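Work through each task yourself before you read its solution.

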Amino acid sequence: MSLLEVTDLRVSFPTADGVVQAVRGVSFSVEPGRTLGIVGESGSGKTVLTQSLLGLTPGGQISGQAMFDGVNLVGLGTKEMQRIRGKEIAVIFQDPLTSLHPLYKVGWQISEMIRAHDKSVTKAQGIERATELLGRVGIPRPRERVNDYPHQFSGGMRQRAMIAMAISLSPKLIIADEPTTALDATVQAQILDLLLRLQQESDTALLMITHDLGVVADIADNVMVMYAGRAAEKASKRDIFYEPHHPYTKGLLESIPHSSAAGERLRPITGQPPSLINLPSGCAFHPRCAYVMDRCLGDQPNLIPVGDAGEHRSACYLPAAAIGLSEQVEELRKQAVEMGRSGASAKVAEAIAAAPESEGSVIA
Amino acid sequence: MTDSLAGNAVSDAPPDMSDDTLVRVDNLVKYFPVKGSGMIGRTVSHVQAVDGVSLTVKRGQTLGLVGETGCGKSTLARCIAGLIPATSGKVYFEGKDITNLPRGTMRPYRREIQMIFQDPYGSLNPRRRVGSIIGEPFAIHKTATGPQRKKAVQDLMERVGLNPEHYNRFPAEFSGGQRQRIGVARALALRPKLIICDEPVSALDVSIQAQVLNLLADLQDDFGLSYLFIAHDLEVVRHVSDAVTVMYLGRVAEFGPGDQVYDHARHPYSAALLSAAPAADPDAAAARQRIILTGDVPSPINPPSGCRFHPRCPKAQDRCGIDEPALESKAGDPITHLTACHFPVETGEVLARADRREQR
Amino acid sequence: MSVTELQFQAASVSDAPAVAVQGRSQWQLTWRRLRSDKVAVGSIIVIILMILFAICAPLIAHATGHPVDTAYPDTGEDASGLPVGPGVHGFFLGTDQIGRDLLVRIAYGARISLFVGLLTTALATIAGVTLGLVAGYFGGIVDAILARFFDAALAFPFIILALALASVFHPNLAIVIGVISFFSWAGISRIVRGQTLSLKEKEYIEAAKSLGAGSGRIMFLEILPNLLGPVLVLATLYIPTAVTFEATLSFLGIGIPEPAPSWGNILAEAQNFYNTSWWYVVFPALFLLVTTLAFNLLGDGIRDAIDPRTERLFAGSKNGRRKRGKGKGTGGLNLDQAIMVGEERDLTVDNPMPAGEG
């Protein structure tokens with residue numbers, strides 16, 4: 001039984017220039033005690049997705065279902081939402097400098113959070129709990145630090161303080177939105193380590209949003225790759241990294257310097273993410289896809305099972321068996337493309353091939 | 001005796017006249033005064049941002065500069081570019097001393113040394129058109145005017161992968177990656193010899209990063225550019241650099257050819273940094289033994305005595321808090337690979353603590 | 001208007017996003033928003049009418065057949081020597097106490113008021129912006145000295161200065177312009193200095209320095225374009241202050257000397273006749289009110305057009321449109337708010353470039 005089951009979530013923002021379709025029908029689930037990594041770049045909709053779950057998107061029109069422990073988060077009333085936020089679902093944001101109130105002591109902020117959900121806790125008890133929590137997240141001398149202001153903490157410590165606040169009420173699910181992006185690599189390692197440890201201690205589910213594949217490779221169990229407001233691919237961690245199906249996932253993996261030998265040319269994905277007001281027809285990725293076929297310009301592909309086990313899904317018209325990075329699989333893809341490409345998509349393919357950054361990463 | 005690549009901190013040798021050294025930095029120091037309160041504040045202490053850094057950049061090559069927040073790499077870059085005056089030490093460009101030159105004398109050097117900045121949104125004036133931004137170097141140095149300048153700008157735009165017809169657009173109409181390209185075009189305008197890249201791809205999406213990195217590599221080949229490449233992403237630095245300098249709290253911890261430093265890191269900090277870098281490979285991530293450092297980076301106002309890394313170093317001993325280690329080659333490394341450490345990591349030594357994670 | 005008020009307005013304007021979509025520059029966007037703001041458009045129309053009114057003063061004199069300085073004791077005064085009311089004997093707005101046509105005098109007064117208002121604001125803006133830029137950019141001792149000047153100018157008792165000058169040199173137009181300009185520039189300098197201080201830390205300024213740009217270039221080509229928005233708002237809001245100041249000086253008798261008409265000196269005389277000849281007080285005051293109000297509302301409108309984030313108390317059509325969900329069938333956020341929401345939430349609203357343009 002999933003802890004969080006999201007079905008066909010859609011979020012859009014009406015503007016004077018048109019409707020911005022930030023999230024266009026995303027479904028996923030998070031199991032208790034497990035970690036789902038949502039990977040996407042700018043414009044993928046990953047942040048809007050999670051913010052909309054908690055009612056943090058003013059002006060947005062949300063539809064779909066998000067069942068959390070039997071309650072539908074979409075359209076939930078304010079009071080109910082306030083009860084859930086913090087206690088059942090906690091959020092860690094990217095920049096702790098802006099998400100912690102600069103004018104209140106850290107200990108006070110944590111204590112207030114606890115007391116807002118449990119009126120029986122006194123101020124003194126709240127501070128005591130805050131001190132305990134700061135210690136639990138690895139802040140040295142918590143008794144002193146509990147009386148400090150956020151600006152007196154370093155970046156890493158602030159993020160720890162945010163995590164302390166997040167776990168204070170033992171939530172069932174923690175949503176972490178790029179929690180380590182603003183931190184140095186060594187501090188990032190500490191924070192990820194901490195999150196994993198805490199998760200194992202209290203069996204909390206973790207929804208980790210990031211653009212960094214390295215973070216995902218480290219701590220996720222399952223991964224969902226998002227592009228232009230939809231899920232491109234969903235699979236276990238190993239499948240995503242070693243047997244990717246969707247060309248976008250494949251493109252991401254190949255554009256990382258790690259994958260090329262030092263000094264060799266990198267293989268980027270051509271072009272830019274699309275406008276969320278004027279989306280391309282059919283598959284939103286097709287103007288950048290090395291494997292574009294005629295079908296791709298027509299109907300938007302839905303998530304279909306690919307590969308062996310049932311859990312690996314990809315929104316792509318390439319053959320289901322075409323997973324991974326080996327040469328045989330590449331052959332399989334080429335064959336499918338040859339059969340499926342004529343006229344319209346051939347033009348797109350030409351434009352992609354003609355782009356200056358496409359050298360070495362396209363099949364003609 | 002002095003290897004041109006070494007840039008040894010101990011050396012008193014005269015400026016290197018070797019042909020392939022483009023920039024030589026000698027014991028550069030930059031302190032920022034911290035003023036006390038009051039209208040005429042006395043200087044109570046200093047932020048020791050850069051505290052004795054020496055390095056060299058060779059012609060046509062890329063020197064990668066890595067380090068975390070507070071290590072001073074950005075300050076160092078700006079001292080080399082002449083944007084901030086150095087407190088002491090020297091910067092030599094093609095053998096000539098360009099340290100703290102007055103503005104007029106520095107001007108011609110500005111054509112040779114250019115910078116690309118991190119923030120694609122902040123590094124371009126939002127109220128100026130792109131053509132005007134890229135054409136600015138021509139205007140300042142009076143090298144091209146009117147239609148000539150426009151043509152030159154459009155050629156540059158094409159060269160970096162932008163549509164020359166967007167000459168009259170504003171930066172806000174471009175994406176992050178494209179704005180970085182504008183910055184590159186601007187830096188390239190006067191055909192400099194050295195481009196200092198201050199985290200040029202950190203603010204970009206992964207798929208765009210690769211585009212910009214390829215562009216920089218192509219330009220290096222075409223124009224024989226040298227880069228001083230500052231980044232915190234170790235994979236990116238490894239990919240672009242010929243030589244790498246690791247900085248910690250204002251000092252050089254390790255310096256050497258790329259594969260030497262990455263595969264045989266001698267300084268415990270370098271080793272920790274490398275082990276902390278996230279790798280997009282689950283098996284490698286699981287198998288990797290991470291050296292988790294305790295605590296945070298200390299403040300550069302009151303840095304630790306002796307070796308600055310000693311309070312967090314898994315190998316530190318008493319000597320480390322007293323003597324500042326010299327930058328020299330250790331443990332049989334080639335003369336090009338230098339480390340500032342009393343107890344460097346031996347080949348095959350593992351510094352990681354036992355992995356606390358259970359496999360699931 | 002107090003300096004703090006101005007600072008607040010300037011700050012909110014300069015934070016405005018310079019974002020454009022599909023080839024529109026910031027000024028085009030501003031103009032588009034301004035055009036849709038009914039109050040602002042109304043103000044512009046009123047101002048244009050007022051300017052026309054002032055320009056056509058001689059025509060009005062000709063049409064009514066009453067030159068500005070000519071007194072008409074027979075037709076222009078009633079039996080007891082008091083001014084006649086509007087519509088009597090061809091005097092559209094009535095007369096003053098010696099029988100001069102009030103409409104014609106008000107028209108000529110408009111010339112003075114607008115001329116002084118616009119000229120002094122222009123002078124003050126040029127001086128203020130230049131000094132503010134210099135002070136903010138160079139900082140250090142230059143700033144310290146200039147800031148003291150700004151403080152002194154702001155603290156100065158201007159009316160007393162005007163009084164002193166008027167007593168030595170006799171009241172005249174030059175003194176009025178000089179004093180008002182001198183009064184206004186320091187407020188602008190303070191704001192510009194503040195903006196410059198924050199703008200000079202931006203990375204593109206650093207980039208300009210790294211290219212070898214000199215201080216002059218940086219100040220006027222890099223920083224100034226980013227200041228134009230706040231400066232325009234400030235200037236527009238200063239105009240009514242200048243107009244009122246001129247009226248005040250003339251009212252006190254140390255501004256425009258008789259017989260040249262100024263709304264101020266007309267009012268000065270009018271106060272003696274308020275209980276018998278209401279038109280003598282009401283009409284000049286009305287013109288003064290309408291002019292200053294129009295400029296104030298226009299300034300507000302420009303400020304809102306540049307930065308649509310600031311809340312307006314005056315419910316113009318923009319707020320109405322938002323609430324009623326009218327206007328091109330969209331409710332909810334306007335474009336700029338969406339862009340800001342988008343930027344906070346990682347959305348891309350830019351036009352997609354086809355593959356190959358990189």
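**Exercise 1. Find the loop that holds T336(B), and decide whether T336(B) is buried, partly exposed or exposed.**

Step 1. T336(B) sits in the loop that joins β11 (327-328) to β12 (338-340) of chain B. Helices (H or I, at least four residues) and strands (E, at least two) are DSSP runs, numbered from the N terminus.

Step 2. Now apply the cut-offs: a residue is buried if 20 or more other C-beta atoms lie within 10 Å of its own, exposed if 12 or fewer, and partly exposed in between, with C-beta atoms placed from the backbone. T336(B) is partly exposed because it has 15 C-beta neighbours inside 10 Å.

Step 3. Look also at A243(B): it is 93 residues from T336(B) in sequence, while their C-alpha atoms are 9.4 Å apart in space.

Before you go on, a word on the model and its labels. This is a predicted model, in which local features need pLDDT of at least 70 and side-chain atom pairs count only at pLDDT 80 or more, while totals for chains, interfaces and linings use all residues. Residues are numbered from 1 along each chain as its sequence is written, and chains are lettered from A and ligands numbered from 1 in the order in which they are written.

**Exercise 2. Describe the places of D69(A) and R141(A), and say how exposed each one is.**

Step 1. D69(A) is not a glycine, yet its phi is positive, about 50°. It belongs to the loop between β4 (61-68) and β5 (71-72) of chain A.

Step 2. With 16 other C-beta atoms within 10 Å, D69(A) is partly exposed.

Step 3. R141(A), also a residue other than glycine, has a positive phi near 50°. Its loop runs between α5 (123-136) and α6 (142-145) of chain A.

Step 4. R141(A) has 9 other C-beta atoms within 10 Å, so it is exposed.

**Exercise 3. Why is helix α11 of chain C largely enclosed by the rest of the structure?**

Step 1. Count the buried residues: α11(C) (residues 263-270) is largely enclosed because six of its eight residues are buried.

Step 2. Name them: W263(C), G264(C), N265(C), I266(C), L267(C) and A270(C).

Step 3. Find what they pack against: α5 (102-138), α10 (215-251) and α12 (278-306) of chain C. Contact here requires C-beta atoms, placed from the backbone, to lie within 7 Å.

**Exercise 4. Give the strand order of the eight-stranded sheet in chain A, and follow one of its pairs.**

Step 1. The open sheet runs β6-β7-β8-β3-β9-β10-β12-β11 (chain A), with mixed pairing. Two strands pair if DSSP finds at least two bridges between them.

Step 2. At the edges are β6 (89-92) and β11 (304-305) of chain A, each pairing on one side only.

Step 3. Six bridges join β9 (222-227) and β10 (230-236) of chain A in the antiparallel sense. Within this pair, M224(A) has K234(A) in β10(A) as its bridge partner.

**Exercise 5. How many residues of chain B are in contact with chain A, and which element gives the largest share?**

Step 1. On the chain B side there are 36 residues, in contact with 43 residues of chain A.

Step 2. Elements giving two or more residues to the chain B side are α6 (206-223), α7 (234-240), α9 (268-276) and α10 (282-287) of chain B. The largest share, seven residues, belongs to α6(B).

Technical notes
Contact = placed C-beta atoms within 7 Å.
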